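Please look at the sequence and the model before reading on.

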Amino acid sequence: MKLTFIGTGYVGLVSGAVCADWGHDVVCLDIDEKKIDKVKKGVMPIYEEGLEELVNRVMKEGNFKPTTDYKMAVEHGEVIFICVGTPSNQAGAADLSYVFSAAESIGKYMPVNDYRVVVTKSTVPVGTHDRVRSSVLKGAGNKKVDFDVVSNPEFLREGTSIFDMNNTDRIVIGSSSKRALDIMQSLFEHLNTEIVRTDLASAELIKYAANAFLATKISFINEMSQICERTSADVKSVAQGMGLDTRIGMKFLNAGIGYGGSCFPKDVEALYRTSSEKMFDFRLLRGVMDANDRQKHYFLEKVWAKYGRNLTNMTFGVLGAAFKNDTDDTRKSVAIEVIKILRGAGANMKLFDPAAMENAKNDLGEDSLTYENNGEDVFNDVDGVFILTEWQEFANYEYPTVVKKMKSKVIFDGRNLLDPDQMKKLGIEYFGVGRNGH
Ligand code: NAD
């Protein structure tokens, strides 16, 4: 099938490349010329395991064309996916201006009376489909256009997105048109996964419900970690004992310094806004957001308790800047927030992240920070080390050797990556999250 993806970011680029790999004829469009130039040269604008190889292969096979040419892109796609960003606006609601602008451009270039399916893959609040339809019609002006709108929210996770697209737990497609739903179903049938066919509003809401629920799980275990800290319990054991119950599940039960990233914070907030607009106070979500915000401060309390609030003349190693492991994405990263707070207290830092160094430099600059080429170097001659992102490689370092290089053997493990007992044996003063039992 001929497919077009509008917005060539984390979602559009990966989705487009994977669909090309499934044998479809794909065009990926972006208004960012630099991004498209890079992709054309086979260089990825984002870090994602296996993406460069995949894109280069499908491009060579002729199934995948990156472009900035809206006319060509819209004329090409029988199905046109909108994958542009929907960041939070100042009020905490989703900023839909990119979505409506893309929809208007689709209308502008949509061929006369030639049926198209316009799909919102971007995460948009319930009810947005009506405004997507109006924006397409606005762009079309007096032209007679024939199209249906579908909501097909995306559930991929950065870091494993190619795998996720090929092994998704479910596909959600919502529309009022059977014709559009049938076309969409045919795209995904080979995946052998559950396909939820529903109405537009439900499809839009499913994405928010899923993200808000996962964020709730994280905030729940983070709050549990506070009880563990005030008793002799260990949050890892508690999570394991809870999570082995199949009704609960192990995933998203890792206590830490809170959730971040380009999705959870904005989606939880946007769902809360939507509920307020509908005159419903979603109190549980208020608690989830509040707990998430507090969690990093509880972590920092350990730092203030040890050193006081003035960290001038101290140097710390920092492992992690990305909002999670296996990505270069630092949007709304709690690691970045913690680094800023430490810097505000006067600390100097040596930072390393396996993929997010460039984004970290853009976010943080050079003030009080040096950027190391390798993670083990952040231990050299420092007063302590902070682990702020759950990259597996941070757990695999030769700790008996690297800790010898520290001026003071102190580790603040904001992601519970290390084994407190092993750290104790190495003479490390170890601060995890909810791990007083050790
Ligand atoms: P992104 O910022 O990486 O990419 C968005 C792209 O859209 C950018 O390259 C931007 O230049 C382009 N763009 C903006 N306006 C445009 C326009 N009018 N026409 C064409 N291109 C335009 O964003 P992302 O992380 O890929 O997220 C996209 C959407 O998918 C968001 O709604 C997000 O919530 C949702 N989502 C993201 C993820 C994720 O893990 N990143 C997962 C599921 C859903």
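How many residues surround the ligand, and which are the closest? The ligand is surrounded by 28 residues, and Asp30, Lys35, Tyr70, Thr86 and Lys266 are the closest. A residue is near a molecule if one of its heavy atoms lies within 4 Å of it.

The model is predicted: local features need pLDDT of at least 70, side-chain atom pairs count only at pLDDT 80 or more, and totals for chains, interfaces and linings use all residues. Residues are numbered from 1 along each chain as its sequence is written, and side-chain values use heavy atoms, with hydrogens and water left out.

**Ligand contacts**

| Protein atom | Ligand atom | Distance |
|---|---|---|
| Tyr10, polar backbone atom | oxygen | 3.1 Å |
| Lys35, polar side-chain atom | oxygen | 2.7 Å |
| Ser101, polar side-chain atom | nitrogen | 3.4 Å |

**Helix 12 and helix 13**

Helices (H or I, at least four residues) and strands (E, at least two) are DSSP runs, numbered from the N terminus. Two packed helices are described by the angle between their axes and the distance between the axes. The axes of helix 12 (residues 283–307) and helix 13 (residues 334–344) cross at roughly 35° and come within 11 Å. Here axes are lines fitted to C-alpha atoms, for helices over the stretch in contact, and angles run from 0 to 180 degrees between N-to-C directions.

Contact means heavy atoms within 4.5 Å. Helix 12 contributes Lys296, His297, Leu300, Val303 and Trp304 to the contact, and helix 13 contributes Val334, Glu337, Val338, Ile341 and Leu342.

Just after helix 13, Gly346 has a positive phi of about 105°. The buried residues of helix 13 are Val334, Ala335, Ile336, Val338, Ile339, Leu342 and Arg343. Buried means under 20% relative accessible area, exposed over 50%, and partly exposed in between (1.4 Å probe, protein chains only). Among the elements that cover these buried residues are helix 12, strand 9 (315–319), strand 10 (348–352) and helix 14 (357–364).

**Ala73**

Ala73 is in helix 4 (residues 70–76). Is Ala73 buried or exposed? Ala73 counts as buried because its relative accessibility is 0%. Leaving out residues up to four places away in sequence, Ala73 touches Thr4, Val27, Leu29 and Thr67.

Arg435 is found in the segment after strand 14 (429–431). With a relative accessible area of 10%, Arg435 is buried. The side chain of Arg435 makes a polar contact of 3.1 Å with the side chain of Asp234. A polar atom of the Arg435 side chain also lies 3.3 Å from the backbone oxygen of Leu418. Residues touched by Arg435, not counting those up to four places away in sequence, include Asn416, Pro420 and Tyr430.

Asn416 lies in the loop between strand 13 (410–413) and helix 17 (420–425). Asn416 is not a glycine, yet has a positive phi of about 50°. Its relative accessibility is 2%, so Asn416 counts as buried. Asp381, also not a glycine, has a positive phi of about 60°, and is placed in the loop between strand 11 (369–371) and strand 12 (384–387).

Terms used:
Polar contact = N/O pair within 3.5 Å; in protein donor to acceptor, adjacent residues only side chain to side chain.
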